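Please look through the sequence and the structure shown here, and then follow the explanation below from one region to the next.

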Amino acid sequence: MGRNWFDLFIPENLREDVRKVFHSVMGQKDTLGFLNFENEILGKSGQVFNVAWSNVLTKDVEGNVVDVTCLGVDLTERRRSEDKLRKSEIKYRTMMEAIKDPVYICSEDFIIQYMNQAMIDRVGRDATGELCYQALHRFDRKCRWCKYGETFQAGHAEKNIFSPLDKSSFNVSTTVFVNESGSLSKLSVFRDTTELIELQKRLQQAQKMEAIGNLAGGIAHDFNNILFPIIGMSEMLMEDLSSGSLEYKYAHAIYKAGHRAKELVAQILAFSRQSDQKKMPIRFQDILEEVLKLCRATIPANIKIEHKIQRNCGFIMGNATQLHQVGMNLITNAYHAVQEKNGKIIVALEEIKIDRTNLTDTGIHSGKYLLFTVSDDGTGMTDKVKNKIFEPYFTTKEQGKGTGLGLAVVYGIVKEYGGEIEVQTQIGSGTIFSVYLPLMSQSENQGAAEIKTEIKMGHEHILLVDDDAAVANLEQQILERLGYQITMRTGSLDAVEVFRSNPDAFDIVITDMTMPNMTGDQLAEKILSIKPDIPIVICTGFSERINKEQAEAIGVKGFLMKPVVKSDFASMVRKVLDDAKSENKG
Ligand SMILES: Nc1ncnc2c1ncn2[C@@H]1O[C@H](COP(=O)(O)OP(=O)(O)OP(=O)(O)O)[C@@H](O)[C@H]1O
Ligand SMILES: [Mg+2]
């Protein structure tokens with residue numbers, strides 16, 4: 001008692017302020033001083049209390065202040081819990097804001113009460129106070145997937161949704177909680193599953209691809225046997241008919257359709273990597289010439305096809321069928337892009353040198369390349385389409401028109417050759433596909449033979465064996481036209497008998513691989529046991545797994561892949577016969 005109140009109870013840093021307030025209270029006209037004035041005071045042992053003051057002045061008749069009664073209420077505990085609550089609120093808010101998944105809270109009547117930053121970013125603004133279905137998905141009524149009542153009853157729900165706002169898929173997990181006031185709210189967390197779903201789709205596609213591959217392998221043999229006479233017979237008809245006649249046109253149409261079917265089988269097989277794609281030094285310009293001929297024959301004349309082919313380009317390591325596919329696919333796509341507006345396609349091939357000064361961003365190394373470009377002034381592509389064109393099964397064509405395998409095949413081949421493919425496109429103006437294929441160095445291609453297209457003839461006697469009579473007949477006709485003398489058998493046992501009866505009458509045996517009773521290699525072994533130096537050629541279909549090393553070890557001299565084209569037939573038979581002759585001489 002008797003000591004200065006300010007010095008005893010008020011913390012030093014507040015003394016001046018509190019003194020001022022106290023003086024203004026004392027100077028008041030009214031006897032009721034400030035209510036609710038709050039300040040910190042010090043306890044006996046120096047601890048700090050928060051106190052709210054109510055002050056009452058006592059005045060004498062002249063109005064002089066006699067004394068002041070200060071009633072303090074201790075708010076320390078309340079302040080402490082408020083502070084705790086504030087800190088906890090900051091903690092949870094920070095957590096919510098840190099969550100990368102969009103989160104929001106809404107009331108029972110669909111009003112958004114909170115959105116975290118990720119949700120604000122997704123929606124483009126803080127839509128607190130707005131209706132959830134409008135702000136989040138731009139619907140004008142409650143979302144059709146919203147199991148509102150059920151969620152509030154069960155307390156938790158999960159659903160997969162597709163939001164039209166940004167065409168994304170989400171897994172939404174919703175939890176109900178009770179507010180302080182007793183009302184209910186629900187907190188929903190959106191997990192973006194767009195990529196996951198895309199991955200699942202791709203996995204399904206991969207499985208579909210595998211299934212197609214297996215199926216294709218399975219039917220390819222039979223299918224090629226069917227195609228063989230279609231292509232071969234129509235080819236022969238075309239040779240026999242005068243090129244201006246209607247019949248010639250019909251035969252040509254059959255030939256073209258047969259070719260298209262053959263390519264389709266090759267395409268599917270190439271994609272499922274079931275075909276035998278041996279690489280050798282090759283001149284792309286020769287293949288491109290064939291491709292252009294075929295394209296000119298199939299693409300209507302109102303579409304201009306210009307070509308700038310450098311004739312003396314060097315060799316690349318490649319496979320004729322695959323390179324044919326690269327050319328055909330790119331030109332066919334260009335044709336489809338210009339079809340509507342009678343546009344123009346430019347096909348170019350040149351040798352280029354890439355060094356440090358002209359490196360493209362495609363990631364190819366410096367060196368010599370073949371640059372093959374197909375440009376069109378057609379539809380062009382949006383960025384979204386451009387980003388997907390190399391994916392298998394991606395097509396913008398209507399169902400049944402495109403498989404979406406074309407560019408996937410091209411991409412696979414180009415990459416396999418150590419090359420690159422680049423696309424420049426502008427919607428409405430057109431597209432340029434640039435394919436870079438590494439050229440062989442001079443020393444590498446020294447031994448590379450020119451592709452000879454000259455058809456080689458002969459007169460020797462051939463024993464021809466194939467269990468499919470249509471195929472056998474066609475092969476016989478092709479070989480007879482090449483000048484050979486043919487004995488044909490459709491049964492393997494029968495063939496062995498014919499051979500055994502007069503082995504020296506035959507110069508070469510050409511046999512199918514898959515036959516009842518005896519396979520081609522078994523037949524070869526039998527024949528060789530009768531006459532060890534007779535050359536044998538085996539024809540195989542795509543799906544027939546023949547062990548070439550083993551067949552070569554027993555003495556088989558050559559292999560042909562069905563359907564056999566006349567020129568392949570001619571050169572293989574000639575080569576094997578000539579080799580056998582020079583061996584016999586030596
Ligand atoms: N030159 C081009 N101009 C415009 N769009 C193109 C061009 N080339 C390809 N595309 C787009 O790329 C998609 C995929 O092409 P791709 O060749 O892989 O399949 P497709 O042509 O649709 O079918 P197919 O398997 O019969 O070739 C096409 O559907 C088309 O949308
Ligand atoms: Mg295509």
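Predicted model: local features only at pLDDT ≥ 70, side-chain atom pairs only at ≥ 80, totals over all residues.

We may begin with an open sheet of 5 strands, whose order is 10-12-13-15-14 and whose pairing is mixed. At its edges stand strand 10, residues 304-309, and strand 14, residues 420-426; each has a single partner strand, so one side of each is left without a neighbour in the sheet. From one strand to the next, the twist of this sheet averages 15°. Within the sheet, strand 12, which spans residues 344-354, is joined to strand 13, residues 367-376, by 10 bridges, and the two pair in the antiparallel sense.

Helix 9, made of residues 284-298, lies across strand 10, strand 12, strand 13 and strand 15 (430-438), and its direction is at about 170° to that of strand 10. Helix 12, residues 406-416, lies across strand 14 and strand 15, and runs at about 140° to strand 14.

The ligand comes next. There are 20 residues around ligand 1, of which Asn 333, Thr 395, Thr 396, Lys 397 and Thr 403 come nearest. For Thr 396, a polar side-chain atom lies 2.4 Å from an oxygen atom of ligand 1, whereas Gly 404 places a backbone N or O atom 2.8 Å from an oxygen atom of the ligand. Gly 406 likewise has a backbone N or O atom at 3.2 Å from an oxygen atom of ligand 1. Taken alone, ligand 1 exposes 590 Å², and the protein buries 92% of that area. Gly 406 also belongs to the residue range 406-416 of helix 12.

A second open sheet, again of 5 strands, has the order 17-16-18-19-20 with parallel pairing. Here the edges are taken by strand 17 (485-489) and strand 20 (558-561), each of which has a single partner strand, so that one side of each is left without a neighbour in the sheet. Direction ignored, neighbouring strands of this sheet are turned by 20° against each other on average. Strand 16, residues 461-465, and strand 18, residues 508-512, run parallel and are joined by 4 bridges, with Leu 463 standing opposite Val 509 in strand 18. Helix 15, residues 520-530, packs on this sheet and touches strand 16, strand 18 and strand 19 (536-540), its direction making about 170° with that of strand 19.

Finally, a search of the whole structure finds 8 aromatic pairs. One of them is formed by Phe 110 and Tyr 133, which are arranged edge-to-face, with 5.6 Å from centre to centre and 70° between the planes. This pair links distant parts of the chain, since Phe 110 is in the loop between strand 4 (103-107) and strand 5 (112-115), while Tyr 133 is in helix 5 (residues 132-137), 23 residues apart.

Note on methods:
Residues numbered from 1 in each chain as written. Chains lettered and ligands numbered in written order. Heavy atoms only, no water. Pairing = 2+ DSSP bridges. Axes fitted to C-alpha atoms, helices over the stretch in contact; angles between N-to-C directions. Contact = heavy atoms within 4.5 Å. Near = heavy atom within 4 Å. Polar contact = N/O pair within 3.5 Å; in protein donor to acceptor, adjacent residues only side chain to side chain. Areas by Shrake-Rupley, 256 points an atom, 1.4 Å probe, with all protein chains shown as cover. Phe/Tyr/Trp six-rings, centres within 6.5 Å; stacked < 30°, edge-to-face > 60°.
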